[in-house]
Each structure stands twice: as C-alpha cells, then as structure tokens.
Amino acid sequence: GERGPYVVVGHSLGGAIAKLYASEYPREVSGLVLIDYLPYQARNALTDEQWRLWKDPLLGAPSEQALAMYPDLEYNANQRNFRQDSVAPPLKPMPFIVLSADEPYDFLPLVEDGSLPMTADEAIKFSKLLFRAVVDARADLVSQVPGARHITDTDSDHYLHQEQPQLVIDSVREVVEAAR
C-alpha cells in the first residue's frame, strides 16, 4: 500500500536489477543505493573469453542438482539482462550511493572444484582484472549522476551488508533523507 516514489536498495545481481529499474522507471525511484552490485558495463573491459569465464561458471544458471533440490530456485538470464541494461536510459539525477567491496573476489574454491578452468595463479590474476573492471564500471556510472557517491573504502568483501551493516544502514538513511 505504500506509494512511490521509492528509494531502491539492491545487492549484487539485485543491485543490477535495481539500477535497471531506476533507469526504466525514473518517476518511481527517488533514490538509489547499490551494494557491491553487478555492473554489466564491466563486460566492456573484458575480452570475449574473460566474459565467458565470468558469466558462465560465476554468473550462470544453477546446476541441475541444485534445480532438482530446489525446483523453484530463481536465477538470472545474464545475456538478456546485459542487453537490457546496455540500452536502458541513463539514470536521472537523484540521491545515489554505490558501495563497493575493497577485497578482490576469491576464485580459488572455483578452481579447486573445477568450475573455473584455470590455474590458481591465473585465477588470482583474473580476480584482480575482474575486480578492477567492476569497480571502474561502478565509478563510471557514479560519474554520470550529479552528486552521486562511490564508497570504496569499505573493509569488506562482496557481502558488505553482513560485514559492514552500519555503513549500509547509514548510506540508506542518507539517501532517504536526501530524497525527502
């Protein structure tokens, strides 16, 4: 029963969806907080092979085993989402904060279980390259919205909301107050 416009908050893929929603429905969104969100624009800094490595084992559909256990498991359509986001209108000016983890991804467990086909050294290099592409894509988005802030000194990995909940709470409150 709440009427908009809304302050929208999203983490990871949910942040990418929140950003897309704010782009496509600008009158319904008065503020935005993205928590270590997945910026599809990072794809532009990657080769086709790097993109395939990122989207398939890391962002791909759940395994058949997971779907058998949880048939209603939701999963994303990365290629469709990437296309939608790439043609979405730019964000309107609004209170906007992006929080980025400052610790690169740990891909070693994916190398060990065989889902990321590379050596440990290659995984470390790929992790750093992908991390830089993601942070740069977020910074680019922030630069397009007047007054937006990109907080990168978070002392956290991807689960920022669990490791630094007060930072997330403060950011949401700041955006809500500015939107009012």
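How many helices and how many strands does the secondary structure of the protein chain come to? The answer is eight helices and four strands, where helices (H or I, at least four residues) and strands (E, at least two) are DSSP runs, numbered from the N terminus. Before we go on, please keep in mind that this is a predicted model, in which local features need pLDDT of at least 70 and side-chain atom pairs count only at pLDDT 80 or more, while totals for chains, interfaces and linings use all residues. Residues are numbered from 1 along each chain as its sequence is written, and side-chain values use heavy atoms, with hydrogens and water left out.

Read along the sequence, the protein chain follows the pattern β-α-β-α-α-α-β-α-α-β-α-α. Of its 180 residues, 39% count as buried, and buried means under 20% relative accessible area, against over 50% for exposed and partly exposed in between (1.4 Å probe, protein chains only).

Let us turn to the sheet. It is an open sheet of four strands in the order β1-β2-β3-β4, with parallel pairing, and two strands pair if DSSP finds at least two bridges between them. Strands β1 and β4 (149–151) stand at the edges with a single partner strand each, so one side of each is left without a neighbour in the sheet. From one strand to the next, the twist averages 15°.

Strand β1 (residues 6–11) is joined to strand β2 (residues 29–35) by six bridges, and here Gly-10 stands opposite Leu-34. Between β2 and β3 there are four bridges, with Leu-32 opposite Phe-96. Three bridges then join β3 to β4, where Ile-97 stands opposite Arg-149.

Helix α1 (residues 13–24) makes a right-handed β-α-β unit together with β1 and β2; a crossover is right-handed if, with the strands pointing away from the viewer, the path from the first strand over the helix to the second runs clockwise. The helix α1 lies across β1 and β2, running at about 160° to β2, where axes are lines fitted to C-alpha atoms, for helices over the stretch in contact, and angles run from 0 to 180 degrees between N-to-C directions. Among the buried residues of α1 are Gly-15, Ala-18 and Ala-22.

Helix α6 (residues 120–143) packs on the sheet, touching β2, β3 (96–99) and β4, and its direction makes about 155° with that of β4. The buried residues of α6 include Phe-126, Leu-130, Val-134 and Leu-141.

Finally, consider Ala-148, in the loop between α6 and β4. Is Ala-148 buried or exposed? It counts as buried, because its relative accessibility is 17%. Leaving aside residues up to four places away in sequence, Ala-148 touches Phe-96 and Val-142, and contact means heavy atoms within 4.5 Å. Ala-148 and Phe-96 are 52 residues apart in sequence, and yet 4.8 Å apart in space, C-alpha to C-alpha.
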